[in-house]
Amino acid sequence: MTSLNYRSILSLKRLADRSKSRALLFAVLILGLLAPQASLAEAPVKIVNFTADWCASCHEFEPKFARALEGYTVDEVELVTVDLTHLRSGDDSRQATIRASKALLRVHNAAYLWDWYGGYTGLAVMIASDTGEPISCVDKTYSARQISDRIKLAGILAEKAAPGRRRPDGADCPAPLR
């Protein structure tokens, strides 16, 4: 993998400054070199947030959840929002929402979450990015501090514990609804 340091970037910039076409070349080169590096870095934890505009629990949960997430970077946590707002908007919208939600969850190695909680809102499930296994859940009953602590614990378990052994003591996720 190619690695750029400040001196290399400065040298490339000087070359690019000599002409407009080189400036374009510089931009393409930098983006080409940096993009693969950025895409390889994946947060160890993904948080799948099931939400909807009509969800009263979500309106109580979201502010606490947002405060808890403020202390984390995209290198630590990836937020995956499953918006179920149109689940109640008629059959066509319902089916489209279900298909889109299932596709989104498949991309994030968490298709099983639809089978467990599809249609349920006001819940965020923390999963290990590498395996998709559930680690922890939070909802409106948790304070922002408790949510933050759960995220921290999920990060530690995702990075340090072996797959299949990443659950904290005691199940905190609701039983699968189906």
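**View 1. Ala-144 belongs to helix H6, which spans residues 144–160.** Helices are DSSP runs of H or I with at least four residues, strands are runs of E with at least two, and both are numbered from the N terminus. The model is predicted: local features require a pLDDT of at least 70, side-chain atom pairs count only at pLDDT 80 or more, and totals for chains, interfaces and linings use all residues. Residues are numbered from 1 along each chain as its sequence is written, and side-chain values use heavy atoms, with hydrogens and water left out. Ala-144 has a relative accessibility of 16% and therefore counts as buried; the term buried denotes under 20% relative accessible area, exposed over 50%, and partly exposed in between (1.4 Å probe, protein chains only). When residues up to four places away in sequence are not counted, Ala-144 touches Lys-64, Arg-67 and Ala-68; a contact here means heavy atoms within 4.5 Å. From C-alpha to C-alpha, 8.7 Å separates Ala-144 from Leu-69, although the two are 75 residues apart in sequence.

**View 2. Helix H3 (residues 56–69) packs against H6.** Two packed helices are described by the angle between their axes and the distance between the axes. For H3 and H6, the angle is about 50 degrees and the axes are 8 Å apart. Axes are lines fitted to C-alpha atoms, for helices over the stretch in contact, and angles between N-to-C directions run from 0 to 180 degrees. H3 and H6 are therefore oblique to each other; angles under 35 degrees count as roughly parallel, over 145 as roughly antiparallel, 65 to 115 as roughly perpendicular, and the rest as oblique. The crossing of H3 past H6 is right-handed, a term used if the near helix is turned clockwise from the far one by less than a right angle, with anticlockwise giving left-handed. On the H3 side, Phe-61, Lys-64, Phe-65, Arg-67, Ala-68 and Leu-69 take part, and they meet Ala-144, Ile-147, Ser-148 and Ile-151 of H6.

**View 3. Four strands form an open, mixed sheet in the order S2-S1-S3-S4.** The edges are held by S2 (77–83) and S4, each with a single partner strand, so one side of each has no neighbour in the sheet. On average, neighbouring strands of this sheet are turned by 20 degrees against each other, direction ignored. Two strands pair if DSSP finds at least two bridges between them. H3 lies across S1, S2, S3 and S4 and runs at about 160 degrees to S1. H6 also lies across S1, S2, S3 and S4, running at about 175 degrees to S4.

**View 4. Strand S3 (residues 123–128) is largely enclosed by the rest of the structure, because six of its six residues are buried.** In a regular strand the side chains alternate between the two faces of the sheet. Leu-123, Val-125 and Ile-127 point one way from S3, while Ala-124, Met-126 and Ala-128 point the other way. S3 runs antiparallel to S1 (residues 45–51), with six bridges joining the two; Lys-46 has Ile-127 as its bridge partner in S3.

**View 5. S3 pairs with strand S4 (residues 134–139) in the antiparallel sense through five bridges.** Ala-124 has Val-138 as its bridge partner in S4, and Met-126 stands opposite Ser-136. Between the strands of this hairpin there are five residues, and Gly-132 takes a positive phi near 80 degrees. Five of the six residues of S4 are buried, so S4 is largely enclosed by the rest of the structure.

**View 6. Strand S1 is mostly covered, with seven of its seven residues buried.** Val-45, Ile-47, Asn-49 and Thr-51 lie on one side, and Lys-46, Val-48 and Phe-50 on the other. S1 and S2 run parallel and are joined by seven bridges. Within this pair, Asn-49 has Thr-81 of S2 as its bridge partner.

**View 7. The protein chain that holds these details has six helices and four strands.** From the N terminus on, its elements follow the order α-α-β-α-β-α-α-β-β-α. Of the 178 residues in the chain, 39% are buried. Among contacts in the chain with a separation of 6 or more, 64% join residues 24 or more positions apart.
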